[in-house]
Amino acid sequence: MTGNIPPDAVGRRILCNGEYGTVLYVGSVPPTAGIWLGVEWDNPQRGKHNGAHEGIQYFKCRHPTGGSFIRPNKANFGVDFISAVKKQYGLNGEEQGTENETATSLVIGRKTVERVGFDSIKEKQKQFNTLSDVSVDECAVSLAGPEEEIRKTCPDIRRINLSNNLLSSWKEVIAIACQIKNLEIVNLSQNKMKFPATSLPASGAFCKLRVLVLNQTGVTWAEVLLCATGWPILEELYLASNEISVLQRPIDVLQTLKWLDLSDNQLTDGNQLQLIADLPSLERLILSNNGISSIYFPDVGFGRKTRMFPSLTHLVVNGNRIAEWSVINELDKLQSLQSFDCRNNPLMDTDKNTETLKQLLIAKIGQLKFLNKSQIFPEERKGAELDYRKTFGIDWIKAGGHQDPNKNRPSEEFLAAHPRFQLFCDKYGAPEDGELKKEQPFSLKHQLLSLTIKCPDKPDQKPIMKKLPESMTIQKVKGLLYRLLRIPGSELKLSYESSKMRGKEFELDNDLKPLQFYSIENEDCILVRW
């Protein structure tokens, strides 16, 4: 529909020379003759003004150069759903050429859906009514079309990609969905739609919907909640890039939601998260690139588990403004958190090296199993906790900590900064005075460890004194020991004994880790067995 103006043109989405826009005015623009469309463009550089012409304001734009006037015959108001499907899949009895003859794949949320071309359809899906996965992205779909046509033509559709089309309202989406009884997944990204401002009447249009993608649609959280009454079993909801800055508490909606993507919005106030903390089934929350600097769970103090986000196992906060370790301390309150991604935050850009930062994060969040997509192994956690105990031991003593439990009274300030420190003392014993780490000037001399190498199963082998770089990997240490001890081809097993904890051995079981990973210090002893 390019030459005629639809009766509901105002508010409709259009396409013109590859640019998307919304019609905000239909009428004359004196002194010129004829009818014009006043359009606000998605790309403000396509426009020329803010909807005003010669002192008269015909419509208003969010951007001062976001608007312009075009003739109606330049505007493509789009096609109905079935027309787009027929053109895309070559099932309308007409030759479609070669444009769609190659099968490609696309991603809807986390699901890969096959976009089937002309040849594949002929082989795999002989009849229109067997289509289950439909992709009509960038096909200028704007309408549901004639009543019941979708139900009659494509009764078995389960997954639809409708991204980057010309859908102007949620009402039109419902008109499509109510004809698809088994709809499970739908992607509506990049359709700038008008959403309802009041609660919707009961409808079964989305009664089987599990995955909904609304990225770059302009939807607000309040509008999501109004629509959510019609999503009774929704499990995954994607709301990226919608300028969402305010949340509200869901009441009797989204109770089955497991995955929520709020990335690339404007949730700068971390306290807003408390409003969605009662979602009972939420397992994964993505908050990347929101400008978040703080997260706080006020219902409990440190060392206890919050009632908030009871099922949350995965949290992603990449690209935010988190700069304080107190935020990480708060995350230890989450009772189910297992995976945490926090790259590209100021906290990660400090002068500490990457390995040190990783160890601090592991030590501070006790139940974590994955950090920035890397698995945390038991020996890695043990090393991180032992090193944390040594690193902050001096601060602990200065704050009133003591090896004698009867005299151990660290300050509230220390406990707030290091809420898991006492747990480490209970687990590994309180740090001895000589065991505590002191700041050393950075030089090669201070990176060398004076170690004793012993072979406990070979009493005739004399101990060897050796200075080794703390950055030396266990694999290289083994190579050195093969040469030093003239050991025939055998599998070496290494452990170490701390000079401050005689009689207690710690296994060196990861060949790729450096000595410093295991918190080995001067005067410690490496034990070699084969």
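Student: How many helices and strands does the protein chain have?

Tutor: The model is predicted. In the protein chain there are 13 helices and 26 strands.

Student: What share of the residues counts as buried?

Tutor: Of the 530 residues in the protein chain, 48% count as buried. The accessible surface of the protein chain is about 25,900 Å², and carbon and sulfur atoms hold 49% of it.

Student: What part of the contacts joins residues 24 or more positions apart?

Tutor: Among contacts in the protein chain with a separation of 6 or more, 67% are between residues 24 or more positions apart.

Student: Where is I5 found, and which residues does I5 touch?

Tutor: I5 is in the segment before strand 1. Leaving out residues up to four places away in sequence, I5 touches V26, I35, L37 and P72.

Student: Which residues make the nonpolar surface patch?

Tutor: The patch consists of I5, V10, V26 and I35 and covers about 290 Å². V26 belongs to strand 2, residues 19–27.

Student: Why do I5 and V26 count as partly exposed?

Tutor: Buried means under 20% relative accessible area and exposed means over 50%, with partly exposed in between. I5 has a relative accessible area of 32%, so I5 is partly exposed. V26 is at 33% relative accessibility and therefore also counts as partly exposed.

Student: Now salt bridges. How many does the structure hold?

Tutor: The general idea is that side chains of opposite charge can pair when their charged atoms come close. The structure holds 22 salt bridges. In one of them, the side chains of R13 and D42 meet at 2.6 Å, N to O. This pair links distant parts of the chain, 29 residues apart. R13 is in strand 1 (residues 13–16), while D42 is in the loop between strand 3 (36–41) and strand 4 (52–53).

Student: Are R13 and D42 buried or partly exposed?

Tutor: R13 is at 0% relative accessibility, so R13 counts as buried. D42 is at 32% relative accessibility and therefore counts as partly exposed.

Student: What does R249 form a salt bridge with?

Tutor: The partner of R249 is D278, and the closest N and O atoms are 3.2 Å apart. Here too the pair links distant parts of the chain, 29 residues apart. R249 sits in the loop between strand 15 (236–238) and strand 16 (259–261), and D278 in the loop between strand 16 and strand 17 (284–286). R249 counts as partly exposed because its relative accessibility is 41%.

Student: Next, helix packing. At what angle do the axes of helix 7 and helix 8 cross?

Tutor: The axes of helix 7 (residues 354–364) and helix 8 (residues 378–391) cross at roughly 95 degrees and come within 8 Å. At that angle, helix 7 is roughly perpendicular to helix 8. On helix 7 the contact is made by K358, Q359, L360, I362, A363 and K364. On helix 8 the contact is made by E380, R381, G383, A384, E385, D387 and Y388.

Student: Which salt bridge does K358 make?

Tutor: The side chains of K358 and E380 meet in a salt bridge at 2.9 Å, N to O. K358 lies in helix 7 and E380 in helix 8, so the pair ties together parts 22 residues apart in sequence. E380 is buried, with a relative accessible area of 4%. Salt bridges that share partners also join K305, D332, R381, E385, R420 and K427 into one network.

Student: Which residues of helix 7 are buried, and what covers them?

Tutor: The buried residues of helix 7 are L357, Q359, L360, L361, I362, A363 and K364. Their cover includes helix 6 (325–331), strand 19 (339–341), strand 20 (370–371), helix 8, helix 10 (412–417) and helix 11 (421–428).

Student: How do helix 8 and helix 11 pack?

Tutor: Helix 8 and helix 11 pack at an angle of about 110 degrees, and their axes are 10 Å apart. That makes helix 8 roughly perpendicular to helix 11. K382, E385, L386, Y388 and R389 of helix 8 make the contact with F421, F424, K427 and Y428 of helix 11.

Terms used. Residues are numbered from 1 along each chain as its sequence is written. This is a predicted model: local features need pLDDT of at least 70, side-chain atom pairs count only at pLDDT 80 or more; totals for chains, interfaces and linings use all residues. Side-chain values use heavy atoms; hydrogens and water are left out. Patches are made of residues with over 30% relative accessible area and no salt bridge: like charges are joined within 9 Å, nonpolar side chains (Val, Leu, Ile, Met, Phe, Trp, Tyr) within 5 Å. Accessible areas come from the Shrake-Rupley method with a 1.4 Å probe; for residues, only the protein chains shown count as cover. A salt bridge is a side-chain nitrogen of Lys or Arg within 4 Å of a carboxyl oxygen of Asp or Glu. Helices (H or I, at least four residues) and strands (E, at least two) are DSSP runs, numbered from the N terminus. Buried means under 20% relative accessible area, exposed over 50%, partly exposed in between (1.4 Å probe, protein chains only). Axes are lines fitted to C-alpha atoms, for helices over the stretch in contact, and angles run from 0 to 180 degrees between N-to-C directions. Angles under 35 degrees count as roughly parallel, over 145 as roughly antiparallel, 65 to 115 as roughly perpendicular and the rest as oblique. Contact means heavy atoms within 4.5 Å.
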